[in-house]
Amino acid sequence: MTKTDKKKSFRSGFVAIVGRPNAGKSTLVNRLVGQKVAIVTSKPQTTRNRIQGIVTRPEGQIVFIDTPGLHAADSALGRQMMHEVAAALEGIDVLLLMVDASRALPHADDLLLEKAKRYHGKTILALNKVDGLPKAKLLPLIQAFHKVFEFSAIVPISALKGDGCDDLLSEIMNLLPEGEAYFPEDQVTDQPERFLAAEIVREKAIQSMYHEVPYALAVKVDKYAELPKLLRIEATMNVERDSQKKILIGAKGAMLKKIGTLARKELEKLFDKKVYLGLFVKVVPNWRENPHQVRELDWHAQLEAIGNAAEFEPSDEDSDTSPENLKTEDS
Ligand SMILES: Nc1nc2c(ncn2[C@@H]2O[C@H](COP(=O)(O)OP(=O)(O)OP(=O)(O)O)[C@@H](O)[C@H]2O)c(=O)[nH]1
Ligand SMILES: [Mg+2]
């Protein structure tokens with residue numbers, strides 16, 4: 001094959017991953033990209049904004065769009081999340097529906113199938129978590145899905161362990177049009193590091209806490225300064241009530257310290273740099289019900305605001321700080 005032939009057969013396109021909360025969408029994106037671009041927790045409704053994960057292979061480039069889990073929205077945040085799903089579907093080349101195959105009757109999920117029926121393009125179904133599914137259940141499940149919708153392909157996978165993920169990539173690649181790469185081959189996401197840092201803090205907090213606190217939490221980076229030897233990050237953790245603030249801080253600040261340490265360690269590994277992480281906690285009553293607040297916490301909106309205010313320049317603050325300097329602040 002000559003070089004021009006090779007170039008001709010390069011494929012590229014956008015693929016939205018849509019499914020119920022906790023199906024494993026973000027896990028799949030991270031696995032295919034080969035590094036963490038989206039946070040993952042065992043609790044549903046972790047992902048709140050659409051995030052691109054870019055996979056570049058010799059045969060083509062796939063821009064995956066991770067989306068929040070489909071659910072009946074009952075708050076401004078929930079409606080914003082479902083708006084993110086709708087926005088992710090605009091202009092895509094392939095829709096990738098994902099179900100947790102280890103759950104009961106995934107083929108009877110009307111909310112999910114409605115998405116498939118409304119989208120008039122090529123649709124692939126990924127049956128995820130087959131590592132937790134008895135083999136005898138797989139074939140009947142595939143047949144059941146064949147009956148309810150005409151998918152271009154149904155691929156059993158384990159996003160966690162990797163089984164079937166290469167098959168899934170080739171099925172997607174086959175459906176994409178020929179075309180040039182949309183992004184440089186070393187780019188893995190559209191989400192700037194500043195916002196990934198906020199997400200990592202949220203991930204560690206969700207993993208460390210129970211009940212309503214994870215859902216009431218939003219993390220916003222206030223300062224992000226890349227100093228020569230140190231990445232200096234200050235972030236505010238917004239919760240809705242004083243009681244949640246108390247839980248988040250913990251006895252003598254133990255919970256906040258734990259979250260801060262876990263987040264800092266992961267950020268240092270991810271960015272390969274020493275990180276100073278200052279965390280503040282603030283009560284913003286019922287922010288999830290307030291469309292304005294919800295919009296303000298969305299990273300796409302923050303990025304716009306930062307661009308407009310030209311606030312993005314590194315600060316000249318000194319770097320003489322201890323890495324575990326965790327503070328709290330009254331609202
Ligand atoms: N056993 C098993 N667990 C998985 C697999 N894929 C994901 N998980 C787990 O499922 C949970 C949810 O994974 P996520 O990737 O956060 O799911 P999501 O679909 O992005 O969830 P939302 O963002 O809430 O919509 C995590 O605990 C994952 O480790 C899999 O293939 N097998
Ligand atoms: Mg997710």
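These are my notebook entries on what I looked up in the structure above.

**Entry 1: ground rules.** I am working from a predicted model, in which local features need pLDDT of at least 70 and side-chain atom pairs count only at pLDDT 80 or more, while totals for chains, interfaces and linings use all residues. Residues are numbered from 1 along each chain as its sequence is written, and chains are lettered from A and ligands numbered from 1 in the order in which they are written.

**Entry 2: the two domains.** I began with the domain assignment, whose bounds come from an automatic or database source, and it gives domain 1 as 3–175 and domain 2 as 193–309. Taken over C-alpha atoms, the centres of the two domains are separated by 27 Å. I then looked up where they meet, counting two residues as in contact if their C-beta atoms, placed from the backbone, lie within 7 Å, and I found 11 residues of domain 1 in contact with 17 residues of domain 2. The side of domain 1 that touches domain 2 has 3 nonpolar, 6 polar and 2 charged residues. In this scheme Ala, Val, Leu, Ile, Met, Phe, Trp, Tyr, Cys and Pro count as nonpolar, Asp, Glu, Lys and Arg as charged, and the others, Gly among them, as polar.

**Entry 3: around the ligand.** Which residues are the closest to ligand 1? I found Gly24, Ser26, Thr47, Gly69 and Leu160 to be the closest of the 24 residues that surround ligand 1, where a residue is near a molecule if its C-beta atom, placed from the backbone, lies within 6 Å of it. By class, I noted 7 nonpolar, 14 polar and 3 charged residues in this shell. Helix H2, residues 25–33, gives the most to the shell, with 3 residues; helices (H or I, at least four residues) and strands (E, at least two) are DSSP runs, numbered from the N terminus.

**Entry 4: helix H10.** Next I asked which residues of H10 are buried. They are Leu256, Ile259, Gly260, Ala263, Arg264 and Leu267, and because they cover an arc of only 130° around the axis, they are on the same side of H10. That arc is the one made by the directions from the helix axis to the C-beta atoms. I recalled that an α-helix has 3.6 residues a turn, so residues three or four places apart point the same way. On the other side of H10, Ala254 and Lys269 are exposed. For these words I used the number of other C-beta atoms, placed from the backbone, within 10 Å of a residue's own: 20 or more is buried, 12 or fewer is exposed, and in between is partly exposed. The cover over the buried residues of H10 includes helix H7 (193–208), helix H9 (242–249) and strand E9 (274–283). Just after H10, I noted that Asp272 takes a positive phi of about 55°.

**Entry 5: Ala16.** Is Ala16 buried or exposed? This residue of strand E1, residues 11–19, is buried, because 27 other C-beta atoms lie within 10 Å. Leaving aside neighbours within four places in sequence, I found Ala16 in contact with Ile65, Thr67, Ala88, Leu89, Ile92, Leu95 and Leu96.

**Entry 6: residues in loops.** I looked up Tyr182 in the loop between helix H6 (165–175) and H7, and with 15 C-beta neighbours inside 10 Å it counts as partly exposed. Not counting residues up to four places away in sequence, Tyr182 touches Ser12, Gln61 and Val63. Gln45, in the loop between H2 and strand E2 (51–57), has a positive phi of about 65° although it is not a glycine, and its 18 C-beta neighbours inside 10 Å make it partly exposed. Leu105, in the loop between strand E4 (94–100) and helix H4 (110–118), is also not a glycine and has a positive phi near 50°. With 8 C-beta neighbours inside 10 Å, Leu105 counts as exposed.

**Entry 7: helix H12.** Last, I turned to helix H12, residues 299–309, where Ile306 has its place, and I noted that with 16 C-beta neighbours inside 10 Å Ile306 counts as partly exposed. Gln302 is also found in helix H12, and Gln302 counts as partly exposed with 18 such neighbours.
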